Amino acid sequence: MKDFEKTGFKNFGRIIDKKKCLELQKKIRKLRKLNKNIFYKSEKEFLKKGRFYKYAPGVKDHNLLISNELEHDLGFIEKNPKFIKNVSKILGQNYEIIKKSIIRSVPFSMIPKWLTKKLEDIGRPNLNPYIKDDFQDIQYFLNADFHQDMQTGKKFCTLYVYLDDVGKKDSYLQVLEGSHILGAQIYPHYLRKSNTKKDVWYYNDNKELIEVKQKNIIGKGGTVACWHGLTLHGTYYNFSKTPRVSLRYLIKPDSKSKNSPFLNSFKDIKGKISIKDISKARLDLNDDRSFRKTGMSITF
Ligand SMILES: O=C(O)CCC(=O)C(=O)O
Ligand SMILES: [Fe+2]
């Protein structure tokens, strides 16, 4: 696992019981039907009731995954020996889960008409602002252009568990191996796809120029993968009829573990690990945090 320092990414493979993943997926689907009714029905209603802040599932509340309503024991994931072994190898034994939530990647066909035009050329269309409060206990995405999850300097990894099978049509995660090395950068990122080499991108921060390798997370339910908080990753549109349902964990390292590849990786990071003025970290957000068109570099 030593190469995590260099790659900032590890696909653990299919380590969780697929049947148990499907059971949870079905329960989620039953409790929170996914249809157009979860969205505000018009732009007028959205302008009246919607907002561009506090729209994500909470760490402790308004989060279906940890709610009494779902009441689901996540031991089959978090206490699974393979899960513990793999995560410990990257983050040290006493790692800590700081947040977990359900992610649904919504097929384009499920977006209400009034919204489709608005979301064109938005790089990171988080859908929750357009979804009624009651349903914001799940995180909904249309797609996500290449971005970093860590911006404030708080060190963590992101880990995904696929609850259902994810193929090429299902908005699979794409990760750019080695991209964490340039540190925290402003979105949109300066990325260009190689014209000749498959799955190679050139990435720069206006000083250094590096080559990074695209790794696709494609796999059956129960597949788990983990990336450094500064590693670029994203998803393109979901072309299937059903949402991709995943669990997303943010995991903090064991701060006493002297040799964790995650903490060691910071020695090699060239730039800063956070952007001081967080309001300047995303050029795709207006002052009121509404979305601004940027286009996107991620493709199918
Ligand atoms: O699941 C997706 O579509 C992208 C999500 C993502 O980048 C994240 O959860 O950090
Ligand atoms: Fe992300």
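The model is predicted, with local features requiring pLDDT of at least 70 and side-chain atom pairs counting only at pLDDT 80 or more, while totals for chains, interfaces and linings use all residues. Residues are numbered from 1 along each chain as its sequence is written, and chains are lettered from A and ligands numbered from 1 in the order in which they are written.

**The open sheet.** Six strands, in the order E1-E10-E5-E12-E2-E3, make up an open sheet of mixed pairing; helices (H or I, at least four residues) and strands (E, at least two) are DSSP runs numbered from the N terminus, and two strands pair if DSSP finds at least two bridges between them. Its edge strands, each pairing on one side only, are E1 (9-14) and E3 (139-141). Neighbouring strands are turned by 25 degrees against each other on average, direction ignored; axes are lines fitted to C-alpha atoms, for helices over the stretch in contact, and angles run from 0 to 180 degrees between N-to-C directions.

| Strand | Partner | Bridges |
|---|---|---|
| E1 | E10 (residues 223-228) | five |
| E6 | E9 (residues 209-217) | five |
| E6 | E11 | two |

**The core.** The largest nonpolar core has 63 residues, and Ile-102, Cys-157 and Ile-251 are among those with the most contacts inside it. Such a core is a set of buried Ala, Val, Leu, Ile, Met, Phe, Trp, Tyr and Cys residues joined through C-beta atoms within 7 Å, where a residue is buried if 20 or more other C-beta atoms lie within 10 Å of its own, exposed if 12 or fewer, and partly exposed in between, with C-beta atoms placed from the backbone. Strand E5 (residues 157-162) supplies the largest share of this core, five residues.

**The ligand shell.** Ligand 1 is surrounded by residues including Asp-149, His-233, Gly-234 and Arg-248, a residue being near a molecule if its C-beta atom, placed from the backbone, lies within 6 Å of it. The largest share of this shell, three residues, comes from E11.

**Strand E6.** In strand E6 (residues 173-177), five of its five residues are buried. In a regular strand the side chains alternate between the two faces of the sheet. In E6, Leu-173, Val-175 and Glu-177 lie on one side and Gln-174 and Leu-176 on the other, and both faces are covered.
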